[in-house]
Amino acid sequence: EGEPDDVFIPAKYTAGALHHDRVQIVITCEKLQGRRREGRVVKVLEHGADHLVGYYQKSKSYGFVRPDDQHFLKDIYIPAGCDMGAVNGHKVVVKIISYGDDTHKPEGKVIEILGHVNDPGTDIMSIIAAYDIPVEFPKEVMDSLDAVPDSVDSKAGAGRVDFRKLTTVTIDGEDAKDLDDAISISKNKNGYTLGVHIADVSNYVTENSPLDKEARSRGTSVYLVDRVIPMLPHKLSNGICSLNEGVDRLALSCVMDIDLRGNIVGHRICESVINVDRRMSYTSVKKILVDDDAEEKEKYSELVDMFFLMKEYRDFVPMFDLMKELADILRERRKKRGSIDFDFPESKIILDKNGKPIDIKPYERNVATRIIEDFMLAANETVAEDFFWQELPFLYRTHDYPDPEKMKRLGTFINNFGYTIRTQNGEVHPKELQKLLDKIEGTPEEALISRLTLRSMKQAK
């Protein structure tokens with residue numbers, strides 16, 4: 001499945017080229033009605049992969065490896081003595097020694113045995129090895145952690161806005177270890193004051209330091225079924241850069257004044273010090289707001305908590321009510337502007353203690369996850385707009401208008417189900433897509449049409 005201007009190479013004309021190789025080609029057939037151009041490889045300029053993950057099979061004195069990646073159609077020949085003692089059924093990492101040609105298989109040697117294909121965890125290790133995901137941090141990075149403190153001292157807070165007296169909470173999944181954002185909220189006769197406080201990682205990860213370079217090369221944390229491979233070492237991601245309950249933390253705060261109709265009428269962006277009063281989970285906030293769960297409410301309405309050295313607690317429940325009230329106003333205002341909410345359930349895979357999958361459940365979005373989404377969107381837009389008007393170079397996300405050709409095809413397809421979308425001068429207004437999603441809600445074709453609608457949109461950039 002390529003782009004329209006891709007060149008199709010029939011299998012017999014690949015000249016032994018493998019997936020990810022850079023090649024020189026000649027065109028053998030120009031574009032015909034509905035078909036792509038065709039060509040043949042004349043020379044492999046540069047090989048893309050020098051190692052692969054696959055399934056080892058022994059045969060007499062030699063062996064071969066069947067690659068996991070379906071793009072590699074050839075088995076890799078493993079000469080005698082190059083198998084590290086692998087046996088049938090082992091998942092292995094192979095270093096390619098020779099790439100072969102039309103008549104010879106590629107040749108390689110086993111450099112790592114990941115485990116037997118039936119052992120729990122081998123599949124995860126195979127993914128980690130196939131994508132070359134670095135699990136360990138280099139020594140230079142680990143050594144630089146000695147300079148990172150375990151707690152925030154008074155000097156670190158100098159020159160920052162002190163929000164420690166502000167009642168703040170974090171709301172995350174039960175099993176979250178790194179808490180990135182905290183919320184504060186209040187209301188007066190003119191509207192609301194919403195604070196979104198993000199852990200200030202840049203205070204500890206300074207530009208071009210070993211930590212910064214390693215994080216940049218990783219790009220993101222990687223979430224696998226049973227583990228997270230973090231972008232930053234745990235001392236940072238779960239420690240000083242995590243907004244844990246009851247401790248001082250450095251943050252970047254975006255405090256917004258929002259009127260009763262949901263317009264952001266004023267804001268302040270500053271470096272701050274915060275101290276989170278409560279770590280909440282999505283489930284418990286949902287129990288309070290939707291289920292009106294008396295026991296859960298009781299939990300968050302205590303006046304005094306001995307554990308926190310007699311720190312007086314006020315009732316948190318009204319705070320959650322206020323959050324829901326403001327999030328509903330913000331969402332309604334976004335909807336009027338034409339924002340489209342694709343509500344695809346994510347999947348959560350449940351494993352037993354041996355790491356075998358036993359169930360797949362939808363990862364439910366509830367009232368609490370939506371509140372956090374709404375507040376993060378408000379903060380993101382406010383910060384992006386602030387930098388836009390300052391004319392400073394800045395990284396933010398934009399959604400382009402949908403591709404008219406794709407929209408036309410979508411319109412033709414949904415006609416079969418009795419739905420239509422109106423276009424004006426070939427353009428489709430987002431509100432038209434909103435209306436379509438509202439109409440199909442709860443119908444058997446909802447999943448199909450909403451996925452096709454999403455695929456007809458341009459990707460965010």
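Contact here means heavy atoms within 4.5 Å. Helices (H or I, at least four residues) and strands (E, at least two) are DSSP runs, numbered from the N terminus. The model is predicted: local features need pLDDT of at least 70, side-chain atom pairs count only at pLDDT 80 or more, and totals for chains, interfaces and linings use all residues. Residues are numbered from 1 along each chain as its sequence is written, and side-chain values use heavy atoms, with hydrogens and water left out.

**Helices α9 and α11**

What covers the buried residues of α9 includes α10 and α11. Buried means under 20% relative accessible area, exposed over 50%, and partly exposed in between (1.4 Å probe, protein chains only). α9 has 12 residues and reaches 17 Å from its first C-alpha to its last. That is close to the 16 Å expected at 1.5 Å a residue, where the expected span is 1.5 Å times one less than the number of residues.

| Helix | Residues | Buried residues |
|---|---|---|
| α9 | 404–415 | Met 407, Leu 410, Gly 411, Ile 414 |
| α11 | 446–456 | Ile 449, Ser 450, Thr 453, Ser 456 |

The buried residues of α9 are Met 407, Leu 410, Gly 411 and Ile 414. They cover an arc of only 100 degrees around the axis, so they sit on the same side of α9. The arc is that of the directions from the helix axis to the C-beta atoms. Lys 408, Arg 409 and Thr 412 are exposed, on the face of α9 turned away from its buried side.

In α11, Ile 449, Ser 450, Thr 453 and Ser 456 are buried. Seen down the axis, these residues fall within an arc of 120 degrees, so they line one face of α11. They pack against α9 and α10 (430–440).

Strands β20 (residues 346–351) and β21 (residues 357–363) run antiparallel and are joined by 6 bridges. Two strands pair if DSSP finds at least two bridges between them. Ile 350 stands opposite Asp 359 in β21. The hairpin has 5 residues between the strands, and Gly 355 takes a positive phi near 85 degrees.

**Nonpolar cores**

A nonpolar core is a set of buried Ala, Val, Leu, Ile, Met, Phe, Trp, Tyr and Cys residues joined through side-chain atoms within 4.5 Å. The largest has 33 residues; Phe 320, Met 323 and Phe 375 touch the most other members. α7 gives the most to this core, with 9 residues. Leaving out residues up to four places away in sequence, Met 323 touches Val 169, Ile 171, Ile 183, Ile 185, Ile 371 and Phe 375. A second, separate core has 15 residues, including Phe 137, Tyr 204, Leu 232 and Leu 250.
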